[in-house]
Amino acid sequence: MIRRPPRSTPLYSSAASDVYKRQEDCINVTREIEDEIKRLLAYMDSNVQRQDDGSLNISIFRKKTHTDQYLDWNSNHHITQKIGIYSTLKHRCDTLVTTEEDQKIEDEHIRTALRRCGQPE
């Protein structure tokens, strides 16, 4: 069982790293540094960008190696699994993405990716 560091210890501190390291040698705690020019931080599957007014703009992040391959519509998977892929991607877009412009771009990206996998309109 991995124990969390005390709440007063920031997750990015060396003390937090030491707590995890004592639990298991294979755990490596890394820090992500914000790109100061773009004010952009890729965190999990989202891009977090700090605006000039201090607000955050969040959009979907994909690695350069992401292939947009999902279940083929003609596969033998159950229909609920196929529909669930669209539902999950759409829910992620609706809940994470903060601007309407980025939501439109993400919606189009989802439709294009799923069309390539044979999903009907």
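Student: What ground rules apply here?

Tutor: The model is predicted: local features need pLDDT of at least 70, side-chain atom pairs count only at pLDDT 80 or more, and totals for chains, interfaces and linings use all residues. Residues are numbered from 1 along each chain as its sequence is written, and side-chain values use heavy atoms, without hydrogens and water.

Student: Which strands pair with S2?

Tutor: Strands are DSSP E runs of at least two residues, and helices are H or I runs of at least four, numbered from the N terminus. Two strands pair if DSSP finds at least two bridges between them. Here S1 (residues 40–43) runs antiparallel to S2 (residues 46–50), with four bridges. S2 also pairs antiparallel with S3 (residues 56–60), over five bridges. Leu41 is bridged to Val48, and Ser46 to Ile60.

Student: What lies in the turns?

Tutor: Two residues separate S1 from S2 in their hairpin, and Met44 there has a positive phi of about 55°. Five separate S2 from S3, where Gly54 has a positive phi of about 95°.

Student: How many disulfides are there?

Tutor: A disulfide needs two cysteine sulfur atoms within 2.5 Å. The whole structure has zero.

Student: Is Cys93 buried or exposed?

Tutor: Buried means under 20% relative accessible area, exposed over 50%, partly exposed in between (1.4 Å probe, protein chains only). Cys93 is buried because its relative accessibility is 0%. Cys117 is buried too, at 9%.

Student: Which residues make up the largest nonpolar core?

Tutor: A nonpolar core joins buried Ala, Val, Leu, Ile, Met, Phe, Trp, Tyr and Cys residues through side-chain atoms within 4.5 Å. The largest has seven: Ile60, Ile85, Leu89, Cys93, Val97, Ile110 and Leu114. Helix H2 (79–96) gives the most, three residues.
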